[in-house]
Amino acid sequence: QDGERLNHYDSPHYQRTVEIQSRSSDGMAIEERYKREAEFALDAARKNGLELTKQDRILDLACGIGGHAHEMAEKTGWTIDARDISKTLISRAQEREEQRRSLETDVRGKINFALGNFIKLPESVPPGATYKLVTILGTSFIIGTDKSEYRKAAKDIYALTAPGGKLIIQWRQPKKPHNPEEQ
């Protein structure tokens, strides 16, 4: 059952679903949404006392095609490890990063895209890695199937978070059409 659930993330239908959902978020263009959500994460971390240096690393979990990671790398110049469960989306993220580097002369930050699942986090990051900032943006924290998976993910994230580090989870709830009859 777990393998079947994970294979779903590599289907072309999943990729298309992500693209459609991303485009329809609050009527905002996808690149604008990535920019705003990345700014939200960085601002929230700073407002909560996070001080980052060039040596610190960011972990962007459930990164999709890398939109948030690209924005954070451009804004900060820091190294970002970006992980997603979908081979298809990671492949697109790597293509976008290659294109960004080939088109821009002053590319800031380095992004390491790789397969990874925050439910199996220790297998998804380099041994001994710690992060000053861990992000899970968009609606991505809904991948787990039960409370035990979320508890394990939280413990694993805590273990990877450097002293003084922060975890920023964005929980974007889809808007429902207003129906006066339901009130």
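**Figure 1. The whole chain and its surface.** The accessible surface of the protein chain comes to about 10,600 Å², and 51% of that surface belongs to carbon and sulfur atoms. Accessible areas come from the Shrake-Rupley method with a 1.4 Å probe; for residues, only the protein chains shown count as cover. This is a predicted model, in which local features need pLDDT of at least 70 and side-chain atom pairs count only at pLDDT 80 or more, while totals for chains, interfaces and linings use all residues. Residues are numbered from 1 along each chain as its sequence is written, and side-chain values use heavy atoms, with hydrogens and water left out. Six helices and five strands make up the list of elements in the protein chain. Helices (H or I, at least four residues) and strands (E, at least two) are DSSP runs, numbered from the N terminus. Along the sequence they follow the pattern α-α-α-β-α-β-α-β-β-α-β. Of the 183 residues in the protein chain, 46% are buried. Buried means under 20% relative accessible area, exposed means over 50%, and partly exposed lies in between (1.4 Å probe, protein chains only). Now take the contacts with a separation of 6 or more: 76% of them are between residues 24 or more positions apart. A contact means heavy atoms within 4.5 Å.

**Figure 2. The open sheet.** Five strands form this sheet, in the order E3-E2-E1-E4-E5, with parallel pairing. Two strands pair if DSSP finds at least two bridges between them. Strand E3 (110–115) and strand E5 (161–169) stand at the edges. Each has a single partner strand, so one side of each is left without a neighbour in the sheet. On average, neighbouring strands are turned by 20 degrees against each other, direction ignored. Axes are lines fitted to C-alpha atoms, for helices over the stretch in contact, and angles run from 0 to 180 degrees between N-to-C directions.

**Figure 3. Strands E1 and E2.** Five bridges join E1 to E2, and the two run parallel. Two pairs can be picked out. Asp 60 has Ala 82 in E2 as its bridge partner. Leu 61 has Arg 83 in E2 as its bridge partner. E1 is mostly covered, with four of its five residues buried. In E2, five of the six residues are buried, so this strand is largely enclosed by the rest of the structure.

Figure 4. Strand E4 (residues 131–136) runs parallel to E5, and five bridges join them. Leu 133 stands opposite Lys 166 in E5. Helix H5 (residues 87–103) packs on the sheet, where it touches strand E2 (79–84) and E3. The direction of H5 makes about 160 degrees with that of E3. H6 also packs on the sheet, touching E1, E4 and E5. The direction of H6 makes about 135 degrees with that of E5.

**Figure 5. Two faces of helix H6.** Helix H6 (residues 147–160) has 14 residues. From first C-alpha to last, H6 reaches 20 Å, close to the 20 Å expected at 1.5 Å a residue. The expected span of a helix is 1.5 Å times one less than its number of residues. Glu 149, Ala 153, Asp 156, Ile 157 and Leu 160 are buried in H6. Seen down the axis, the buried residues of H6 fall within an arc of 100 degrees, so they line one face of the helix. The arc is that of the directions from the helix axis to the C-beta atoms. An α-helix has 3.6 residues a turn, so residues three or four places apart point the same way. The face of H6 turned away from the buried side carries the exposed residues Lys 147, Arg 151, Lys 155, Tyr 158 and Ala 159.

Figure 6. Helix H3 (residues 30–47) has 18 residues and reaches 25 Å from its first C-alpha to its last, close to the 26 Å expected at 1.5 Å a residue. Its buried residues include Ile 30, Tyr 34, Ala 41 and Ala 45. Gly 49 follows H3 and has a positive phi, near 90 degrees. This glycine is found in the loop between H3 and E1. Gly 49 is exposed, with a relative accessible area of 53%. The C-alpha atoms of Gly 49 and Lys 166 are separated by 8.8 Å, although the two are 117 residues apart along the chain.
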